[in-house]
Amino acid sequence: MSSLIKIFAYICIWTTPFQIAFILWCIGIVTATDYNIISLSTIELIQNYLSFLAPLVNVAYTWFPNPLLDWVFSLPIILHTSFKAVASTWLGFWILKKIR
């Protein structure tokens, strides 16, 4: 069990560069278009730049409550992805500190 938790902690830490690259890509979209940091929501990004994920969004709406998903998809992508990157990295380091 400890090894599975350790693997989860390492995944949390190792995905940080990918999350930072995604944040920088979103910042590039904001600087090149009429969007700003607040107006580029998750659903706008999926509809306009990641349209191959649209079927997954439709499936998510059948599994989860619509008001919850409306709220999650309306969040500004740069802000909530930045928070997620910091939180998952911190969680990974915290788990490793507790295990050792």
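**Burial, cores and surface of a predicted chain**

User: Why does Ser-88 count as buried?

Analyst: Ser-88 has 11% relative accessibility, and buried means under 20% relative accessible area, with exposed over 50% and partly exposed in between (1.4 Å probe, protein chains only); therefore Ser-88 counts as buried. The model is predicted, so local features need pLDDT of at least 70 and side-chain atom pairs count only at pLDDT 80 or more, while totals for chains, interfaces and linings use all residues. Residues are numbered from 1 along each chain as its sequence is written, and side-chain values use heavy atoms, with hydrogens and water left out.

User: Where is Ser-88 placed, and which residues is Ser-88 in contact with, leaving aside neighbours within four places in sequence?

Analyst: Ser-88 sits in helix H6, a helix being a DSSP run of H or I with at least four residues, a strand a run of E with at least two, both numbered from the N terminus. Beyond neighbours within four places in sequence, Ser-88 is in contact (heavy atoms within 4.5 Å) with Cys-12 and Gln-19.

User: Why is Ile-7 called partly exposed?

Analyst: The relative accessible area of Ile-7 is 48%. Ile-7 belongs to helix H1 (residues 2-14). Together with Met-1, Leu-4, Ile-5 and Ile-11, Ile-7 makes a nonpolar surface patch of about 530 Å².

User: What makes up the largest nonpolar core?

Analyst: A nonpolar core is a set of buried Ala, Val, Leu, Ile, Met, Phe, Trp, Tyr and Cys residues joined through side-chain atoms within 4.5 Å. The largest has 10 residues: Ile-23, Cys-26, Ile-29, Val-30, Leu-40, Leu-45, Leu-50, Ile-77, Ile-78 and Ala-85. Helices H2 (16-32) and H6 (77-99) each supply at least two residues of this core, and H2 gives the most, with four. Another core of five residues lies apart from it, including Ile-46, Ala-60, Leu-69 and Phe-73.

User: Which residues is Val-30 in contact with, leaving aside neighbours within four places in sequence?

Analyst: Val-30 is in contact with Tyr-35, Asn-36, Ile-37, Leu-40 and Ile-78.

User: How does the radius of gyration of the protein chain stand against that of a compact globule?

Analyst: The protein chain has 16 Å, whereas a compact globule of 100 residues would have a value near 13 Å. The radius is taken over C-alpha atoms, and the globule rule is 2.2 Å times the number of residues to the power 0.38. The C-alpha atoms fill a box of roughly 45 × 35 × 20 Å along the principal axes. The chain has six helices and zero strands, and 29% of its 100 residues count as buried.

Definitions and conventions. Patch = residues over 30% accessible without salt bridge, like charges linked within 9 Å, V, L, I, M, F, W, Y side chains within 5 Å. Areas by Shrake-Rupley, 256 points an atom, 1.4 Å probe, with all protein chains shown as cover. Salt bridge = Lys/Arg side-chain N within 4 Å of Asp/Glu carboxyl O.
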